[in-house]
Every structure is written in C-alpha cells, then in structure tokens.
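This report looks at a predicted model.

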Amino acid sequence: QVQLVESGGSLVQPGGSLRLSCAASESIASFVIMGWYRQAPEKQRELVAVISNGRITNYGDAVKGRFTISGDNAKNTVYLQMNSLKPEDTAVYYCSAVKIVIGVRYDYWGQGTQVTVSS
C-alpha cells in the first residue's frame with residue numbers, strides 16, 4: 001500500500017517562505033505524476049503543482065513564479081518550495097501521486113498539511 005506523508009506546514013507571515021515535503025513509501029520514480037493540490041475552507045481542491053516523469057512541471061496560475069516543485073529520488077521525497085506567500089495561499093496542502101500498472105491508473109493522496117499565511 002502506497003503511503004504519502006506530508007510535512008512542513010506552518011503559520012507564516014505574508015511574504016514569507018515555506019518548504020513542504022512529501023515522503024513516499026516507495027521510489028518516486030514508480031509514479032508517472034506527483035504533485036501538490038490545496039483546498040481552502042469552502043473552496044474546491046485546486047492544482048498547485050505537478051511533476052511528470054521526474055522533470056516536466058506544471059503550475060496553477062495562482063502560484064506561477066512563486067512556487068517550485070522538485071523531487072529527490074534518493075530520499076523518495078517531493079518538495080514544494082513556496083515563496084512570497086500570500087494570505088490567499090492559506091489552505092490544506094495535499095500530496096498526490098499517480099501510478100499506472102498494466103494500463104490501470106491508481107491515485108494516491110496524503111493526509112494533508114495546513115499552511116496558514118497571516119500577520
């Protein structure tokens with residue numbers, strides 16, 4: 001059973017930075033896509049950033065130019081570096097991973113980590 005464990009969420013002031021980590025229970029190279037989504041209260045879950053095949057990245061419009069996704073195969077961990085944080089970045093951030101096995105897609109999610117941007 002694949003497990004994804006997020007960490008790094010915290011309270012931070014506007015303009016500050018945070019780095020989230022998502023530790024996978026197996027090699028991240030086994031996933032075709034890994035990424036981060038977020039959900040604020042009373043809002044739908046939205047894309048933050050994804051990385052495909054370990055190198056192709058895609059970002060949500062709200063975070064482009066401020067957030068960076070990266071992976072460390074040796075540590076089985078995906079990171080989300082968040083800079084220039086804004087109050088509207090406040091949300092629960094979820095790590096996700098997609099595996100395709102014999103043509104069947106499997107989606108995995110972490111339990112989430114809270115990020116609060118406030119003065």
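**Core.** The largest nonpolar core holds 30 residues, and Leu4, Met34, Trp36, Leu80, Met82 and Tyr93 touch the most other members. Strands β3 (18–24), β4 (33–39), β5 (46–52), β7 (67–72), β8 (77–82), β9 (91–101) and β11 (113–117) each contribute at least two residues to this core. The contacts of leucine 80, leaving aside neighbours within four places in sequence, are Leu18, Arg19, Leu20, Trp36, Val48, Ala49, Phe67, Thr68, Ile69 and Tyr93.

**Arginine 66.** Arginine 66 lies in the loop between β6 (56–59) and β7. Its relative accessibility is 11%, so arginine 66 counts as buried, the cut-off being under 20%. The side chain of arginine 66 makes a polar contact of 2.8 Å with the side chain of aspartate 89. Not counting residues up to four places away in sequence, arginine 66 touches Gln81, Met82, Asn83, Ser84, Leu85, Lys86 and Asp89. Among these, Met82 is also one of the core residues that touch the most other members.

**Surface patch.** Val101, Ile102, Val104 and Tyr106 make up a nonpolar surface patch, and their accessible area together is about 390 Å². Tyrosine 106 sits in strand β10 (residues 104–109). Tyrosine 106 is classed as partly exposed because its relative accessible area is 36%, which falls between 20% and 50%.

The two residues with a stated accessibility are listed here.

| Residue | Relative accessible area | Class |
|---|---|---|
| Arginine 66 | 11% | buried |
| Tyrosine 106 | 36% | partly exposed |

Conventions. Residues are numbered from 1 along each chain as its sequence is written. This is a predicted model: local features need pLDDT of at least 70, side-chain atom pairs count only at pLDDT 80 or more; totals for chains, interfaces and linings use all residues. Side-chain values use heavy atoms; hydrogens and water are left out. Patches are made of residues with over 30% relative accessible area and no salt bridge: like charges are joined within 9 Å, nonpolar side chains (Val, Leu, Ile, Met, Phe, Trp, Tyr) within 5 Å. Accessible areas come from the Shrake-Rupley method with a 1.4 Å probe; for residues, only the protein chains shown count as cover. A salt bridge is a side-chain nitrogen of Lys or Arg within 4 Å of a carboxyl oxygen of Asp or Glu. Helices (H or I, at least four residues) and strands (E, at least two) are DSSP runs, numbered from the N terminus. Buried means under 20% relative accessible area, exposed over 50%, partly exposed in between (1.4 Å probe, protein chains only). A nonpolar core is a set of buried Ala, Val, Leu, Ile, Met, Phe, Trp, Tyr and Cys residues joined through side-chain atoms within 4.5 Å. Contact means heavy atoms within 4.5 Å. A polar contact is a pair of N or O atoms within 3.5 Å; within protein, one must be able to donate a hydrogen and the other to accept it, and residues adjacent in sequence count only if both atoms are side-chain atoms.
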